[in-house]
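Let me put the structure up, and then I'll walk you through the parts I liked.

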Amino acid sequence: MQKASAKDIKLLVVDIDGTIAGHSNTISEPVKQALIAAQAQGIPVAIATGRMYRSALRFHQEIGSTLPLMAYQGAWIQDPTSQKIHRHLVVSREIAHQLIDYFEQPQLRRLLSVHFYINDQLYVREITKESEIYAQRSGIVPIPVGDLRQVLTNEPTKILALCDDTNFISEVLGNLRRQYTPAELYLTTSVATFLEATNASVNKGTAVRYLAEELLGLQTANVMAIGDNFNDLEMLECVGFGVAMGNAPEPVQAIAQWVAPSVEEDGVAVAIEKFLLQ
């Protein structure tokens, strides 16, 4: 696809964690003002995140976005103003049961905290240290249910496995990618300690394409996107102008048109000022 120059940009899409929000779990004032300035100049801003819809909502409101919010890697696209859910793609019960069986193996069960997201609620087997840290950052209270099979009367939007051992997460990700083709399940990492599984049609690239083309009548060539991790790859590849954060892994930086300073250096503000503000 022919890449756009920055002057062609009519929509800006940003990730949350590692992009507009760093260690503080908040948006810095320079980044917030740059996002507001872009919108004042006529470039609407949307959020595409792996977070739950409810967890992402405060960021959407803080930057004054008027567009639908793309949550769960784009599996759930909802307009916070009208409450209309434009798209909701789920993992089949069959695959969800298979993943539970896989994660329940003794050598995995003792190392992984497993999260199931159903109807924008978070269900866990038990509250672990990792779940507590996650809950504090996301602002979501997990619901412990013991056997996760009990909640599969509804199909999950996303399944997340957490572990502090990043090498172990990489190993599990590799094993699952050998078991499931991309046509069966979308597997990614949003941070090195999070393994995420969603419907095969889900990724931020398909979500941004849906928002731009189906809802806004724009071409993806007229979109600028900013992200920092492997779950942003498809988004950065599909848009006209992809920006990776300075804190992004090297393969993510390699596919971007430009690499911004890190999140702690307000890289999003630098990118907006450089390319979008006249």
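So, β13, residues 241–244, pairs with β14 in the parallel sense over two bridges. Pairing here means DSSP finds at least two bridges between the two strands. The elements are DSSP runs too, numbered from the N terminus: helices are H or I with at least four residues, strands are E with at least two. Within that pair, V243 has W258 of β14 as its bridge partner.

Quick housekeeping: this is a predicted model, so local features need pLDDT of at least 70 and side-chain atom pairs count only at pLDDT 80 or more, while totals for chains, interfaces and linings use all residues. Residues are numbered from 1 along each chain as its sequence is written, and side-chain values use heavy atoms, with hydrogens and water left out.

Zooming out, β13 and β14 belong to an open, parallel sheet of five strands, ordered β2-β1-β12-β13-β14. Its edges are β2 (45–47) and β14 (258–259), each pairing on one side only. Helix α7, residues 204–215, packs on that sheet and touches β1 (11–14), β2 and β12 (223–227). Contact means heavy atoms within 4.5 Å. The direction of α7 makes about 155° with that of β1; axes are lines fitted to C-alpha atoms, for helices over the stretch in contact, with angles from 0 to 180 degrees between N-to-C directions.

The side chains of K204 and D15 make a polar contact of 3.0 Å, and a polar atom of the K204 side chain lies 3.0 Å from the backbone oxygen of A48. A polar contact is a pair of N or O atoms within 3.5 Å; within protein, one must be able to donate a hydrogen and the other to accept it, and residues adjacent in sequence count only if both atoms are side-chain atoms. K204 counts as buried because its relative accessible area is 0%. The cut-offs are under 20% for buried and over 50% for exposed, with partly exposed in between, using a 1.4 Å probe and protein chains only.

On to the cores. The largest nonpolar core has 47 residues, and L12, I20, L35, M224 and I226 have the most contacts inside it. By that I mean buried Ala, Val, Leu, Ile, Met, Phe, Trp, Tyr and Cys residues joined through side-chain atoms within 4.5 Å. Helix α10 (267–275) gives the largest share, five residues. A second, separate core of 29 residues includes V91, V114, V151 and L187.

Then there's β9, residues 158–162, where five of five residues are buried. K158, L160 and L162 point one way, I159 and A161 the other. Strand β6 (113–118) pairs with β9 in the antiparallel sense over five bridges, with V114 opposite A161. Strand β11 (194–198) also runs antiparallel to β9, joined by four bridges, and I159 stands opposite A197 there.
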